[in-house]
Amino acid sequence: MINPSNNLKQFTTYAFYEIDRAKEEAIKRGFKIIDFGVGDPTEPLFEGAIKALQEGAVKHARSGYPSYIGMKVLREKYSEWLKRRFNIYVDYDEQITITAGAKEAIFHFPLAFLNTGDYALIPSIGYPPYKTGTVFAGGIPVFYKLSEKNDFLPNVDEIEEKIKEFKKVKLIYLNYPNNPTSKVAGKKVYEEIIEIARDKDIIVASDECYSEIYFDEKPYSILNFSDDWSNLIVFNSLSKRSNATGLRVGFVFGGKEIIKYFRMLKMQIDSGIPNAIQEAAIAALDDERHVEENRKLYRTKRDILIKTLRSLDIKYYAESTFYVWAKLSNNSMETAKKILELDKERKIGINVTPSKMLCLDPNEDINTYARFALVPSVDDIKLACEILINSKWI
Ligand SMILES: Cc1ncc(COP(=O)(O)O)c(C=O)c1O
């Protein structure tokens, strides 16, 4: 009999199973589903990137294995982009590495820094690889609470207490702009966390993958808040900025020592990102117009949805990212199942992600929110809103 490893065993039950099954049932019964479920953009990849990808395939026909750390021209291009976007100088030689999207980087990162039994501080709701990466590296996840009471920002006192209690905390994950709450963190949060962590030689890993999906002020990078980056590292990616989830391009940048060890780890794992894909990334970074258009489109979609939520008297958060985090008064799991077949006459349903599925902390029991990913078309969002207004579901 073949058995998975003990680590894998902990993750063999898929969090979204229950809702996915209900969605499949609805589809079998003939429902069209307007799908706000998965945060995967449905707009096409930036055209210039497609062209560069095609040309790159020819140009690199004999290039062999790509560079482990990413092509110099792409790292240089990214350094220039970081300067334009965040006004920070990140040395492309020693402080940037290209990865196959942010997910693999986030998952692998703890392998370079955690020993068995070390702790990582992780938000109680959010992106699963902070937790899976920690566990597979032999680390132990400890959760800090993201709650409405704290405006879904880390409570610095709680973090300090956990560091004291668990002693061997080596890593703290931050994720702003935040999936799923859409919250943006300001100077105070970053500065306080940096200060606590620096004191204890803890790495602060800041996942900034949604930095380009904003509606008001541009979000900052954690690197804006310290001149000393020795314990700071950022994950970013083209996935959300350029509708490039299929391209798989991510960036890890920050402290030199951290990058040095992360590169050493990556040399053991893979052999770089395909060159043609890196060419596409260069083209995408050279263009901001498509990113601006993207933001405009998300704003339109967000405004339609939040107008509906307001008219239904539903509290929501929609500060940035392409998520709207809505507070439902009742059990969000039940509500999510119910709205999958909401318009029975026209056979149209709506799929959202209930907060329960986004809990990383097994002791967290947050089941009153739903996450809407603004990925359906504008027309479908209008239709979904019309149904939400005219049906009985809350
Ligand atoms: C918070 C967060 N970080 C990282 C990622 C990974 O992005 P990618 O691997 O496509 O770069 C996602 C994807 O949904 C995300 O929500």
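1. Let us start with leucine 358. Leucine 358 is buried because 25 other C-beta atoms lie within 10 Å. A residue counts as buried if 20 or more other C-beta atoms lie within 10 Å of its own, as exposed if 12 or fewer do, and as partly exposed in between, with C-beta atoms placed from the backbone. Please keep in mind that this is a predicted model: local features need pLDDT of at least 70, side-chain atom pairs count only at pLDDT 80 or more, and totals for chains, interfaces and linings use all residues. Residues are numbered from 1 along each chain as its sequence is written.

2. Where does leucine 358 lie? Leucine 358 is in the loop between β12 (353-354) and β13 (369-373). Helices (H or I, at least four residues) and strands (E, at least two) are DSSP runs, numbered from the N terminus. Leaving aside neighbours within four places in sequence, leucine 358 is in contact with Ile125, Gly126, Pro180, Thr353 and Arg371; contact asks for C-beta atoms, placed from the backbone, within 7 Å. From leucine 358 to tyrosine 369 there are eleven residues in sequence and 10.0 Å in space, C-alpha to C-alpha.

3. Now for the domains. The chain is divided into domain 1 (6-44 + 290-390) and domain 2 (48-286), with bounds from an automatic or database domain assignment. Taken over C-alpha atoms, the centres of domain 1 and domain 2 are separated by 26 Å.

4. The two domains also touch: 32 residues of domain 1 are in contact with 31 residues of domain 2. On the side of domain 1 that touches domain 2, the elements giving two or more residues are α11 (289-311) and β10 (323-327). The largest share of that side, seven residues, comes from α11. By class, this side of domain 1 has 15 nonpolar, eight polar and nine charged residues. Here Ala, Val, Leu, Ile, Met, Phe, Trp, Tyr, Cys and Pro count as nonpolar, Asp, Glu, Lys and Arg as charged, and the others, Gly among them, as polar.

5. Strand β2 (residues 96-99) is worth a look. Both of its faces are covered: Ile96 and Ile98 on one side, and Thr97 and Thr99 on the other, are all buried. β2 and strand β8 (residues 250-254) run antiparallel and are joined by four bridges; strands pair if DSSP finds at least two bridges between them. Threonine 99 has glycine 250 of β8 as its bridge partner.

6. Finally, the ligand. Which residues are closest to the ligand? Of the 13 residues that surround the ligand, the closest are Gly101, Ala102, Lys103, Ser237 and Ser239. Helix α5 (residues 101-113) gives the largest share of this shell, three residues. The shell has three nonpolar, eight polar and two charged residues.

Terms used
Near = placed C-beta within 6 Å.
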